[in-house]
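Here is a colleague's note for someone meeting this structure without any background. Please read the points in order with the structure open beside you.

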Amino acid sequence: MNNTIILYDQKISSNKDMLVPFSDTGAILKFVSENNQPVIHFWVTPPTVILGMQDKRLANVHAGLDLLSEKNYLFYLRNSGGLGVVTDAGILNCTLFLPDKDNLLIDDAYEKMYNLLKQAFSEKIQTGEISDSYCPGTYDLSINRQKFAGISQRRSGNAVAVMAYISVTGDQKKRSQLMKDFYEVSDFPKNRFEYPHINLHAMENLDKLLGTDLDIETAKEKIINVLLQQNYQVDREEFFIIQNSLPYREAYNNTLTDLIKRNQKLLEEK
């Protein structure tokens with residue numbers, strides 16, 4: 001595999017850019033698949049709730065969306081399954097794009113992200129579902145059974161995107177309360193789908209769990225340092241050339257069009 005990994009450290013400059021990271025994900029997957037070239041993508045958002053396709057099934061989802069608007073949170077529906085997460089200035093979204101998907105089992109891809117974050121932050125990090133967190137999953141990451149991150153993945157062509165949501169700093173209780181309120185409002189009356197019963201103490205920030213000062217920039221550098229130790233050469237410039245190429249723009253626009261349609265439909269149903 002190519003031992004150069006391309007870094008895309010994305011800046012979300014305004015509310016109108018909220019669909020951009022997931023549009024990039026589709027385009028980067030295509031690039032990685034065709035060029036056998038790994039990429040790592042960092043991004044941070046304004047206060048936003050990213051909903052999963054499963055959230056559309058809530059009995060009274062429009063009331064939940066009204067609640068988010070009243071609390072001044074942006075929201076949008078991503079083009080993958082699962083449940084909602086809160087992102088803001090204290091949350092680092094980190095995606096590892098790997099080529100040669102056909103020789104990388106689903107669990108192996110998850111393990112790569114798990115090991116990357118374990119080496120970057122603490123040997124105490126464990127995997128396993130924290131069922132009373134928001135967006136619980138098999139590859140939740142926790143310390144002393146308090147979740148600070150969740151991992152998901154997308155596969156396309158011959159590439160895989162392993163996506164980690166990392167609570168680095170900020171008010172994690174407030175995020176959990178927001179999602180608890182969202183599900184309580186949106187799932188009334190109860191329907192046949194099971195949604196998380198959120199415990200406000202099930203999740204915590206990484207800085208609190210490690211008992212150290214930690215911010216987003218420091219977290220990024222810790223992850224990059226592990227990649228360097230793994231003998232990757234980190235290219236911080238090439239992505240901006242790739243991003244302006246015709247194949248990339250076409251793949252980006254195709255993904256963006258799909259996301260816009262999904263979100264327009266959600267708002268129309270609202």
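1. Two strands are said to pair if DSSP finds at least two bridges between them, and strands (E, at least two residues) and helices (H or I, at least four) are DSSP runs numbered from the N terminus.

2. On the basis of the numbers, the model is predicted, so local features need pLDDT of at least 70 and side-chain atom pairs count only at pLDDT 80 or more, whereas totals for chains, interfaces and linings use all residues. Residues are numbered from 1 along each chain as its sequence is written, and side-chain values use heavy atoms, with hydrogens and water left out.

3. Strands S6 and S10 are members of an open sheet of 8 strands, ordered S7-S8-S9-S10-S6-S2-S1-S11 and mixed in its pairing. Strand S7 (126-127) and strand S11 (233-235) stand at its edges with a single partner strand each, so one side of each has no neighbour in the sheet.

4. Within strand S6 lies Thr-95, which counts as buried because its relative accessibility is 2%; buried means under 20% relative accessible area, exposed over 50%, and partly exposed in between (1.4 Å probe, protein chains only). Leaving aside residues up to four places away in sequence, Thr-95 touches Val-39, Ile-40, His-41, Trp-43, Met-113, Ala-161, Val-162 and Met-163, where contact means heavy atoms within 4.5 Å.

5. The structure holds 0 disulfides, a disulfide being a pair of cysteine sulfur atoms within 2.5 Å. Cys-94 is in none, and the nearest cysteine sulfur, that of Cys-135, is 16 Å away. At 1% relative accessibility, Cys-94 counts as buried.

6. A further open sheet has 3 strands in the order S4-S3-S5, again with mixed pairing. Strand S4 (74-77) and strand S5 (85-87) are at the edges, each with a single partner strand, so one side of each is left without a neighbour in the sheet. Neighbouring strands of this sheet are turned by 25 degrees against each other on average, direction ignored; axes are lines fitted to C-alpha atoms, for helices over the stretch in contact, and angles run from 0 to 180 degrees between N-to-C directions.

7. Strand S3 (residues 48-51) pairs with S5 in the antiparallel sense over 3 bridges, and Val-49 has Val-86 as its bridge partner in S5. Helix H4 (residues 172-186) lies across S3 and S5, running at about 140 degrees to S5.
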